[in-house]
Amino acid sequence: MIINGVTIDKTFAEAFPMKATRAIITAQNEKWAMISAQAMTGFATSVIACGCEAGIERILSPDETPDGRPGVSIMIYAMGGKGLAKQLETRAGQCVLTSPTSALFAGIEGGKPIPLGKNLRYFGDGFQIAKKIAGKRYWRVPVMDGEFLTEATTGMVEAIGGGNFLVLAESQPQALAACEAAIEEMKKIPNVIMPFPGGVVRSGSKVGSKYPALGASTNDAFCPTLKGVTKTDLSPEIESVMEIVIDGLSKEDIDKAMRVGIQAVCDLGAANGIKRISAGNYGGKLGPFHFHLQEIMA
Amino acid sequence: MSALTFTLKQPTAQRVDMSPLVCQKLQGMDIDAISAIELQNGKNRPRVDELFYITGMDTQEIIIANASDKLDFIGKELDGGSISVLGDAGAYLGMQMKSGTINVSGDTGLYAACEMKNGLLQIEGNAGDFLGGALPGNKQGMKGGTVLVKGNVGQRAGDHMRRGQILIEGNAGDYCGSRMLAGTIAVMGNTGRYLGYAMRRGTLLLWNQHQLSASFNDCGSHTLAFLPILFASFKTLNSRFADNEVVFNRVQRYGGDMAETGRGEVLVRI
């Protein structure tokens with residue numbers, strides 16, 4: 001398959017089941033809601049070493065938030081429920097509770113309830129106040145700037161992590177420009193996050209390493225500087241490869257995000273140095289979810 | 001199917017225990033069986049059809065027409081369905097109700113919504129003493145749900161209240177929120193003496209400043225984020241509490257009762 005001069009490989013991205021949750025952070029203005037959201041989703045690019053994958057889903061207008069203030073919707077993904085709950089709680093405690101004027105609300109109705117502010121309330125040292133409003137429990141925790149308002153729990157649901165595609169380009173600036181264009185479009189899709197810095201990862205990994213202590217190492221088949229010394233997947237004109245990883249609540253959500261992302265890359269086309277779109281997989285043996293590039297773009 | 005309607009034939013000199021006439025107890029019964037239920041009326045036990053004209057079939061929608069303040073225990077332990085009272089209701093209206101709705105077009109007597117667990121109880125007129133309170137000797141009053149009173153309420157509203165919300169469009173009598181354990185009481189009108197007497201936790205939300213006991217301390221003026229969420233939850237009510245004009249988030253906060261644990265609060269609109 002070729003779109004605008006860009007070859008779409010006949011391959012697939014391989015993804016895994018994960019647990020996910022969403023939270024809504026509000027603040028006095030969008031600037032401070034975003035600061036809090038960025039802190040909460042920081043150091044959460046990959047479960048390999050971060051414990052979770054997290055990202056900002058989108059900015060919310062005041063009429064979309066529970067307390068009528070500007071807000072940001074964030075999502076956190078982890079391999080298991082316990083790990084997710086722990087990450088959510090520590091991040092909420094250190095990054096939202098501490099952030100000036102912030103409030104924190106559940107972003108998923110239904111699913112299995114996991115603590116959001118349920119245990120953060122103890123920071124109130126006995127001065128905290130519970131309020132059950134319209135069937136939801138909130139905690140008002142006295143803090144130095146006033147009160148930290150948080151919903152007690154949010155929902156945890158089944159999700160998918162590890163959807164991806166690779167952008168193969170003739171130069172590094174062209175690969176990055178294409179990925180930026182893709183991320184711009186993918187951010188408009190609900191229920192997905194792209195957890196790596198700016199949504200883009202330049203150090204895609206393969207499973208295993210020559211060093212026994214490491215579970216993952218550089219994806220040498222897609223490293224352009226190794227074209228002559230390893231079993232490469234790259235043709236001579238490829239000088240840079242970048243990857244976009246997608247976590248989503250459902251296969252359909254990831255499908256949609258991959259489609260608009262790949263389309264944005266293809267819109268730049270061969271004229272802008274984009275040669276191929278490929279994807280990372282493990283031969284289909286590890287992850288139950290397969291995202292076939294050509295089917296998605298058909 | 002039209003609402004099951006009990007119309008009181010004539011004023012009764014003695015009080016009537018209406019607790020058998022709730023939706024869940026009448027479900028599946030035919031008119032003959034309902035007519036044959038005996039109600040405690042003073043020292044007598046007349047059949048329902050001796051006291052009421054009965055029309056309609058829908059046991060999940062009950063109307064008590066021509067009602068008087070002698071009809072006690074209306075909607076006791078109600079668990080789903082609706083009861084509309086056309087006229088006044090006696091004591092213990094909606095006592096320990098679990099879910100569903102009760103609407104009274106007139107006034108109610110003592111202990112309305114006492115130990116209520118959930119649901120919506122709406123009183124168009126005035127309510128008597130101990131609204132949402134605990135039965136004498138019990139330690140916990142209302143534990144959930146919403147009570148809306150469009151008129152005034154008597155003394156000790158929310159006595160020993162544990163959770164839920166009492167919304168009063170009119171005035172509240174003395175000892176409003178006394179011995180409260182938690183929950184919210186909102187009063188648009190004036191409040192009487194000894195507001196929040198011995199309250200441990202909970203919120204008294206007031207539209208008008210009132211002289212507080214010496215055991216309530218001023219915590220200053222604040223913008224509280226939970227108030228817009230609280231007001232938003234009132235939007236579905238047929239009440240002045242649903243009006244956009246009444247919404248506020250800026251309050252003077254008083255902590256108390258310091259003679260108790262002091263974790264309660266009186267919030268006054270500013």
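The model is predicted. Chain A is assigned two domains, domain 1 and domain 2. Chain B touches chain A through 12 of its residues. Chain B also holds a cis peptide bond, from Gly256(B) to Asp257(B).

**Domains of chain A**

- Domain 1 of chain A is made of two stretches, 2-14 and 160-297.
- Domain 2 of chain A covers 19-157.
- The C-alpha centres of domain 1 and domain 2 of chain A are 31 Å apart.
- Where the two domains of chain A meet, 11 residues of domain 1 are in contact with 12 residues of domain 2.
- On the domain 1 side, that contact has 8 nonpolar residues, 1 polar residue and 2 charged residues.

**A helix pair in chain A**

- Helix α1(A) spans residues 30-40, and helix α2(A) spans residues 81-96.
- Their axes come within 9 Å and cross at roughly 140°.
- Because of that angle, α1(A) counts as oblique to α2(A); roughly antiparallel would need an angle over 145 degrees.
- The crossing of α1(A) and α2(A) is right-handed.
- From α1(A), the contact uses Ser36(A), Ala39(A) and Met40(A).
- From α2(A), the contact uses Arg91(A), Ala92(A), Cys95(A) and Val96(A).
- By class, this contact of α1(A) with α2(A) has 5 nonpolar residues, 1 polar and 1 charged.

**Where chain B meets chain A**

- Here 12 residues of chain B are in contact with 15 residues of chain A.
- On the chain B side, strand β13 (217-223) and helix α4 (226-232) each supply at least two residues.
- Helix α4(B) gives the largest share of that side, with 4 residues.
- The chain B side divides into 7 nonpolar, 3 polar and 2 charged residues.

**An annotated region of chain B**

- An unreviewed UniProt entry places the feature "domain: Glutamate synthase alpha subunit C-terminal" at residues 81-211 of chain B.
- In the model, residues 81-211 of chain B are 0% helix and 29% strand.
- The end C-alpha atoms of residues 81-211 of chain B are 41 Å apart.

**Backbone details in chain B**

- Most residues other than glycine have a negative phi, and most peptide bonds are trans.
- The peptide bond from Gly256(B) to Asp257(B) is cis, with omega near -5°.
- Asp257(B) sits in the loop between β14 (250-256) and β15 (264-269) of chain B.
- Ala113(B) is not a glycine, yet has a positive phi of about 60°.
- Ala113(B) lies in the loop between β7 (99-104) and β8 (120-123) of chain B.

Definitions and conventions:
Residues numbered from 1 in each chain as written. Chains lettered and ligands numbered in written order. Predicted model: local features only at pLDDT ≥ 70, side-chain atom pairs only at ≥ 80, totals over all residues. Domains from an automatic or database assignment. Contact = placed C-beta atoms within 7 Å. Nonpolar A, V, L, I, M, F, W, Y, C, P; charged D, E, K, R; others polar. Axes fitted to C-alpha atoms, helices over the stretch in contact; angles between N-to-C directions. Parallel < 35°, antiparallel > 145°, perpendicular 65-115°, else oblique. Left-handed = near helix turned anticlockwise from the far one by under 90°. UniProt positions renumbered as here; feature names shortened; annotations may be inferred.
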